[in-house]
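This report describes selected local features of one protein model. The sequence and coordinates are shown first, and the description follows.

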Amino acid sequence: MINSVLLIGLGQIGVGYDIDNLDSDLILTHANASRKHKNFNLVAGIDASSAKRQKFSNVYDIDSFKNINAEVIQKDPSIVIIATPTETHSKVMNQVLDLLNPKLILCEKPLDYSEDEAEQMVQRCKDKNVALFVNYMRQSDISTLEISKMIEEEVIERPIKANVWYSKGLFNNGSHLTNLLERWLGNLTKTFLINSGERIGERDYEPDFFAEYEGGSANFISSKEENFSIYTIELITRSGRLFYSNGGELISWQPVKADNNYPGYKILSNNYKEIYNELFISQFNVFNQINNFLNGKSYELCTGEQALVTIRNIIKITGAINDGK
């Protein structure tokens, strides 16, 4: 069955990241993924910018509109993607639920800056019987599944200590990494603010903080995006070291071995195990998982409820910043 897709938001993750490389193997946007996946059909795009609409329509030869109008309603999309700025997510979702009847909504991360708004979004989708997922696309990548399996099988033994570097805001890009650690280390149990860091825009922050989870702990350290982007996790455990670099594009596992030179000591092996990833087709894999969900198969996606947990955990940190002012 082919599912019709409406894309709301024609910015970078919606269209821009790979619009000039559509003939390459890269699939980094919602538009390109729905164009290349045989079980989905992109039927329209929506954006307030006439320039973005024009470029989208020229490249994809698909209708685009300023808002949800009669023509969009007539297309009756079964999948709606919300790829607008975070502060508009709640408003756009309400419009979608009021005017359309989708089976599924995929919302860009984070769900919202406000816990109350995020809760209402999750609840409204439940009330309307609409499946809600949030685009933490690393949850759909083969590398995340492999690392999760290594932890479950105690190749990577708990308890785990983590060092995390992030840039461009805790809500915006840091939430990708907090979301991953919630999967790998379990529920967040305690946080401690180390440094408030800088404010990013109206609603985001770049704090340094310590986080304690059921299965370990993590130090989060922010870096300046204007220097370079960084999204790195280092997991240290008694069985070895996992290095998750460049947002997951470079991943290696170093097991522990006996030190041949100093009896009684253990060191990290120089024989790295490279962990394969498919982040170069990240959005295609998300659509694969959506297809699995729609066909009653097992799937790897971040649900609205799981994304709400991520929001609550981030607000624990940002709330401490505000309390200290």
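Predicted model: local features only at pLDDT ≥ 70, side-chain atom pairs only at ≥ 80, totals over all residues.

Glu115, Glu119 and Arg312 are linked in a network of salt bridges, a salt bridge being a side-chain nitrogen of Lys or Arg within 4 Å of a carboxyl oxygen of Asp or Glu. Residues are numbered from 1 along each chain as its sequence is written, and side-chain values use heavy atoms, with hydrogens and water left out.

**Salt bridges**

Across the whole structure, a search finds 11 salt bridges. Side chains of opposite charge can pair when their charged atoms come close.

| Asp63 | Lys75 | 3.5 Å |

The salt bridge of Asp63 with Lys75 connects the loop between helix 2 and strand 3, where Asp63 lies, to helix 3 (residues 70–75), which holds Lys75, so parts 12 residues apart in sequence are tied together. Helices (H or I, at least four residues) and strands (E, at least two) are DSSP runs, numbered from the N terminus. Asp63 is partly exposed at 41% relative accessibility, and Lys75 is partly exposed at 30%. In this classification, buried means under 20% relative accessible area, exposed over 50%, and partly exposed in between (1.4 Å probe, protein chains only).

**Helix packing**

Helix 6 (residues 142–152) packs with helix 7 (residues 169–185) at an angle of about 30 degrees, and their axes are 10 Å apart. Axes are lines fitted to C-alpha atoms, for helices over the stretch in contact, and angles run from 0 to 180 degrees between N-to-C directions. Helix 6 contributes Thr144, Leu145, Ile147, Ser148 and Ile151 to the contact, while helix 7 contributes Leu180, Arg183 and Trp184; contact means heavy atoms within 4.5 Å. These residues divide into 5 nonpolar, 2 polar and 1 charged.

**Surface patch**

Leu26, Ile142, Tyr276 and Phe280 make a nonpolar surface patch of about 350 Å². Patches are made of residues with over 30% relative accessible area and no salt bridge, where like charges are joined within 9 Å and nonpolar side chains (Val, Leu, Ile, Met, Phe, Trp, Tyr) within 5 Å. Phe280 is placed in the loop between strand 15 (273–274) and helix 8 (282–294) and is partly exposed, with a relative accessible area of 34%.

**Backbone geometry in loops**

The peptide bond from Lys109 to Pro110 is cis, with omega near -20 degrees. Pro110 belongs to the loop between strand 5 (104–107) and helix 5 (115–127). A cis peptide bond also joins Arg158 and Pro159, with omega about 0 degrees, and Pro159 is found in the loop between helix 6 and strand 7 (160–167).

Asp61, although not a glycine, has a positive phi of about 55 degrees. Asp61 is in the loop between helix 2 (50–60) and strand 3 (64–65) and is exposed, at 69% relative accessible area. Asn129 has a positive phi near 60 degrees. The loop between helix 5 and strand 6 (131–134) holds Asn129, which is exposed with a relative accessible area of 70%.

How values were computed. Areas by Shrake-Rupley, 256 points an atom, 1.4 Å probe, with all protein chains shown as cover. Nonpolar A, V, L, I, M, F, W, Y, C, P; charged D, E, K, R; others polar.
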